[in-house]
Amino acid sequence: MSNTKVLPCCPPLTERPLTAEEAERTARMFKALGDPVRLRLFSLVASHEGGEACVCDISDVGVSQPTVSHHLKKLKEAGLLTSERRGTWVYYSVEPSVVAAMGQMLRTFG
């Protein structure tokens, strides 16, 4: 997969206050998911068989291919997706440690 180092986003909110860096990193992730197209693309990758999806399999979300690429880039920059080029196609996968940390952060209120 990508050689980008992914850091877990955040501790559970009830554990301790977030540092400024943790708050910025976490806000970027939630902001990236705040766009309906990005949330849909993220869901398509997350639910795809094998845990990864070729961009060719997830591009039908009602926007142009360049827009899909833009949104996937934003999700990747936020640390939510990783990618790997295979030939002419790019395959995306959800970064499980980050998603688990985000889920744990929110579960503290449940």
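Modeller: In this predicted model, Cys56 counts as partly exposed because its relative accessibility of 34% falls between the limits of 20% and 50%. Cys54 has a relative accessible area of 1%, and therefore counts as buried, since the limit for that class is under 20%. These two cysteines form a disulfide, with their sulfur atoms 2.5 Å apart. A disulfide is a covalent bond between the sulfur atoms of two cysteines. The link of Cys54 and Cys56 is right-handed, with 130° about the S-S bond. The count of disulfides comes to one.

The strands may be considered next. Cys54 lies in strand 1, which covers residues 52-54. Strand 1 is joined to strand 3 (residues 89-94) by three bridges, and the two run antiparallel. Within this pairing, Ala53 stands opposite Tyr92 of strand 3. Strand 3 is also joined to strand 2 (residues 81-86), here by six bridges, and again the direction is antiparallel. In that pairing, Ser83 stands opposite Tyr92. Strand 2 and strand 3 form a hairpin with two residues between them, and Gly87 in the turn has a positive phi of about 65°.

The helices complete the account. The protein chain has four helices and three strands, and their pattern along the sequence is α-α-β-α-β-β-α. Two packed helices are described by the angle between their axes and the distance between the axes. For helix 1 (residues 20-33) and helix 4 (residues 96-107), the axes come within 12 Å and cross at roughly 95°. Angles of 65 to 115 degrees count as roughly perpendicular, so helix 1 and helix 4 are roughly perpendicular to each other. Helix 1 contributes Thr26, Met29, Phe30 and Leu33 to the contact, and helix 4 contributes Val98, Met102, Met105 and Leu106. The residues of this contact divide into seven nonpolar, one polar and no charged.

Two totals place these details in the whole chain. Of its 110 residues, 36% count as buried. Among contacts with a separation of 6 or more, 59% are between residues 24 or more positions apart.

Methods: Residues are numbered from 1 along each chain as its sequence is written. This is a predicted model: local features need pLDDT of at least 70, side-chain atom pairs count only at pLDDT 80 or more; totals for chains, interfaces and linings use all residues. Side-chain values use heavy atoms; hydrogens and water are left out. A disulfide is a pair of cysteine sulfur atoms within 2.5 Å. Buried means under 20% relative accessible area, exposed over 50%, partly exposed in between (1.4 Å probe, protein chains only). Axes are lines fitted to C-alpha atoms, for helices over the stretch in contact, and angles run from 0 to 180 degrees between N-to-C directions. Angles under 35 degrees count as roughly parallel, over 145 as roughly antiparallel, 65 to 115 as roughly perpendicular and the rest as oblique. Contact means heavy atoms within 4.5 Å. Ala, Val, Leu, Ile, Met, Phe, Trp, Tyr, Cys and Pro count as nonpolar, Asp, Glu, Lys and Arg as charged, and the others, Gly among them, as polar. Two strands pair if DSSP finds at least two bridges between them.
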